[in-house]
Amino acid sequence: MLTLAASHDPLLIEVLREIPAEHGQIRLSVMGSSTAVKLLLDDGVDAAGFHCGALTPEQADVPFSGVSSSAGLVPCPLFEREQGLLLAPGNPLGIRTLADLTAEGVRYVNRQPGSGTRSWFDRMLAKAGLSPDAIQGYAVEEFTHQAVAAMIACGAADAGLGVRVAAERLGLDFPSVGWETYYLAASRSLASPVFDELVAAVRVRAAETTGYRLSREHKS
């Protein structure tokens, strides 16, 4: 049994479901990136899936900076994925930038504290000089990309940050904000065939799925 704590990603979860049980079992717990990494650092799980927005683990704050060779851990760049604003079809409110989220009547739906997407959104707000208090719905939280997309698709919110695949599956508009690397980290001494199979299968799927691509770190 391989224990994996991971930030939510639709592609990763799909591949996990397809791995035959006879190849080995992976017990997945979905949680925010920071919580997943903390569990790995505390030896609470065998591996952790996480992302730091546009930053590398070395550039990010703790706990991500603790995922290093000096700690006996290997941050494996699994794939890159595209994130952007998830908006109602046709973008009826004309939302183009983060500043547009502060307009009267725009309802935002956020990710939970500790998630990589929430942390990236907060950094982008700070860089743009925008206060979270100016965004209606900043305190409204969901725990997956699909949940954010569903809130917007059913009209309960107008905008949220999420991956392209979630937008495409529900027919939402998607102005991109950028690409990020999703990492799968584990102990350097971990010997698990099912872990290696997972990494290989996810990379194959990422190379052929819109909104994903092989990590430049992996290519090099």
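Trainee: How many disulfides does the count come to by this rule?

Mentor: The count comes to zero disulfides. A disulfide is a pair of cysteine sulfur atoms within 2.5 Å. Keep in mind that this is a predicted model, where local features need pLDDT of at least 70 and side-chain atom pairs count only at pLDDT 80 or more, while totals for chains, interfaces and linings use all residues. Residues are numbered from 1 along each chain as its sequence is written, and side-chain values use heavy atoms, with hydrogens and water left out.

Trainee: What makes the sulfur of C52 too far for a bond?

Mentor: The closest cysteine sulfur is in C76, 14 Å away. The rule asks for sulfur atoms within 2.5 Å. Therefore C52 and C76 are too far apart for a bond.

Trainee: Is C52 buried or exposed?

Mentor: Buried means under 20% relative accessible area, exposed means over 50%, and partly exposed lies in between (1.4 Å probe, protein chains only). C52 has 3% relative accessibility, so it counts as buried.

Trainee: And why is C154 called exposed?

Mentor: Its relative accessibility is 59%, so C154 counts as exposed.

Trainee: Why does P63 count as buried?

Mentor: P63 is at 10% relative accessibility, so the word is buried. P63 sits in the loop between strand 3 (47-51) and strand 4 (73-87). Strands here are DSSP runs of E, at least two residues; helices are runs of H or I, at least four; both are numbered from the N terminus.

Trainee: Which residues is P63 in contact with, leaving aside its neighbours within four places in sequence?

Mentor: S34, V37, K38 and L41. Contact means heavy atoms within 4.5 Å.

Trainee: What makes T117 count as buried?

Mentor: Its relative accessibility is 2%, so T117 counts as buried. T117 lies in helix 3 (residues 116-128). Residues up to four places away in sequence aside, T117 touches H51, R81, Q83, R111, H145 and L161.

Trainee: Why are helix 1 and helix 6 called oblique to each other?

Mentor: Helix 1 (residues 10-18) and helix 6 (residues 193-207) pack at an angle of about 125 degrees, their axes 10 Å apart. Under 35 degrees is roughly parallel, over 145 roughly antiparallel, 65 to 115 roughly perpendicular, and the rest oblique. Helix 1 and helix 6 are therefore oblique.

Trainee: Which residues make the contact?

Mentor: Helix 1 brings L11, L12, E14, V15, L16 and E18. Helix 6 brings L198, A201, V202, R205 and A206.

Technical notes
Axes fitted to C-alpha atoms, helices over the stretch in contact; angles between N-to-C directions.
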